[in-house]
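Let me put the structure up and jot down what I look up.

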Amino acid sequence: MQIKNLILGLGAVAVMAVSCTQAPSVKKVELKNEADSVSYALGYLNASQMSQQAKGPFDSIDARGLASVYVNAEFSQEMRDGLSKSFDSISWDVMKAGFINTLLGEDGAVFDQQGANAFLQSSYQAAQERKNMQPGMPGFENKKAGEAFLAENGKKANVVTTASGLQYEIIKEGKGPKPTPADKVKVHYHGTLLDGTVFDSSVDRGEPATFGVTQVIKGWTEALQLMPAGSKYKLFIPGNLAYGSQGQGAIGPNQLLVFEVELLDIVK
């Protein structure tokens with residue numbers, strides 16, 4: 001999610017001006033919780049972008065005149081619907097206060113541009129993760145399926161479970177040294193989902209891959225350091241050690257991944 005997609009812009013239909021007779025004034029707002037902070041940050045960023053898009057210097061007279069247009073306005077239903085899907089809760093009064101205060105140049109230094117963007121990005125991701133972990137949602141169902149599989153798979157005599165929850169099975173034990181975090185490795189691998197769907201395979205491409213031990217998902221980084229060169233392991237990587245709640249491409253949120261990995265060489 002790009003924060004800029006949440007910003008008004010001068011051409012966006014986000015608020016409807018209904019009066020320009022009421023004199024604007026700064027409204028002191030106490031940000032009591034995350035919802036208040038999210039709301040104020042949204043108002044701040046919308047007003048900031050509006051001011052940046054205005055032609056010429058945006059002095060205090062221009063700001064007060066523009067604030068007068070919006071002081072008695074309402075956010076459009078389109079914006080309300082979009083933001084309600086993106087965050088857990090929005091206080092429209094607090095957002096309005098942040099919007100007007102910022103237009104007046106008196107936001108109280110609650111946020112700056114970089115801080116507001118970073119805060120909203122973090123809040124958005126956390127909100128989406130919480131929503132995705134509700135029963136029936138992909139993140140919840142994938143995590144549940146992965147945990148059930150690992151519970152049964154871990155009972156097998158040839159499967160090792162590490163402290164992190166990674167599971168592996170030794171197909172072939174090599175005789176070479178083990179990689180360190182500073183090393184690069186040359187590997188062949190074949191990756192599937194639990195249902196057998198292939199999502200990535202150097203084997204199918206016919207060309208090994210080379211990368212740093214720490215440049216891959218957590219489950220790989222851990223497993224590679226357990227493997228002597230020349231080994232071939234089968235890895236069962238829980239979602240939190242793979243692509244987490246975000247997923248990637250064909251890999252869904254919290255989805256468990258299965259890899260056959262052959263460590264061909266350590267590239268110094």
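Is glycine 174 buried or exposed? I looked it up: glycine 174 is buried, at a relative accessible area of 14%. For my own reference, buried means under 20% relative accessible area, exposed over 50%, and partly exposed in between, with a 1.4 Å probe and protein chains only.

**Ground rules.** I'm working with a predicted model, where local features need pLDDT of at least 70, side-chain atom pairs count only at pLDDT 80 or more, and totals for chains, interfaces and linings use all residues. Residues are numbered from 1 along each chain as its sequence is written, and side-chain values use heavy atoms, leaving out hydrogens and water.

**Overview.** I count 8 helices and 9 strands in the chain. Helices (H or I, at least four residues) and strands (E, at least two) are DSSP runs, numbered from the N terminus. The chain has 268 residues, and 43% of them are buried.

**Glycine 174 again.** I find glycine 174 in the loop between strand E4 (167-172) and E5. Setting aside residues up to four places away in sequence, glycine 174 touches Pro228, Ala229, Gly230 and Ser231; contact means heavy atoms within 4.5 Å. Glycine 174 and proline 228 are 54 residues apart in sequence, yet their C-alpha atoms are 5.2 Å apart in space.

**The core.** I went to the largest nonpolar core next, and it has 24 residues. Such a core is a set of buried Ala, Val, Leu, Ile, Met, Phe, Trp, Tyr and Cys residues joined through side-chain atoms within 4.5 Å. Among the residues with the most contacts inside it are Val187, Trp220 and Phe259. At least two residues of this core come from each of strand E5 (184-192), strand E7 (209-212), helix H8 (218-224), strand E8 (232-237) and strand E9 (257-267). E9 gives the largest share, 4 residues. Another core lies apart from it, with 18 residues, including Tyr40 and Phe87. My background note: in soluble globular proteins, nonpolar side chains tend to be buried together.

**Phenylalanine 259.** Leaving out neighbours within four places in sequence, I see phenylalanine 259 in contact with residues including Tyr189, His190, Trp220 and Leu235.

**Serine 201.** I place serine 201 in strand E6 (residues 198-201). Serine 201 is buried, with 4% relative accessible area. Its side chain makes a polar contact of 2.8 Å with that of histidine 190. A polar contact is a pair of N or O atoms within 3.5 Å; within protein, one must be able to donate a hydrogen and the other to accept it, and residues adjacent in sequence count only if both atoms are side-chain atoms.

**Two helices.** How do the axes of H3 and H5 cross, and at roughly what angle? I noted that helix H3 (residues 77-86) and helix H5 (residues 113-132) have axes that come within 8 Å and cross at roughly 75 degrees. Axes are lines fitted to C-alpha atoms, for helices over the stretch in contact, and angles run from 0 to 180 degrees between N-to-C directions. H3 and H5 are therefore roughly perpendicular, as angles of 65 to 115 degrees count as that. H3 brings Ser84, Lys85 and Ser86 to the contact, and H5 brings Tyr124, Ala127, Gln128 and Lys131.

**Asparagine 254.** I found asparagine 254 in the loop between E8 and E9, with a positive phi of about 60 degrees although it is not a glycine. Most residues other than glycine have a negative phi. Asparagine 254 is buried, at 12% relative accessible area.

How values were computed. Angles under 35 degrees count as roughly parallel, over 145 as roughly antiparallel, 65 to 115 as roughly perpendicular and the rest as oblique.
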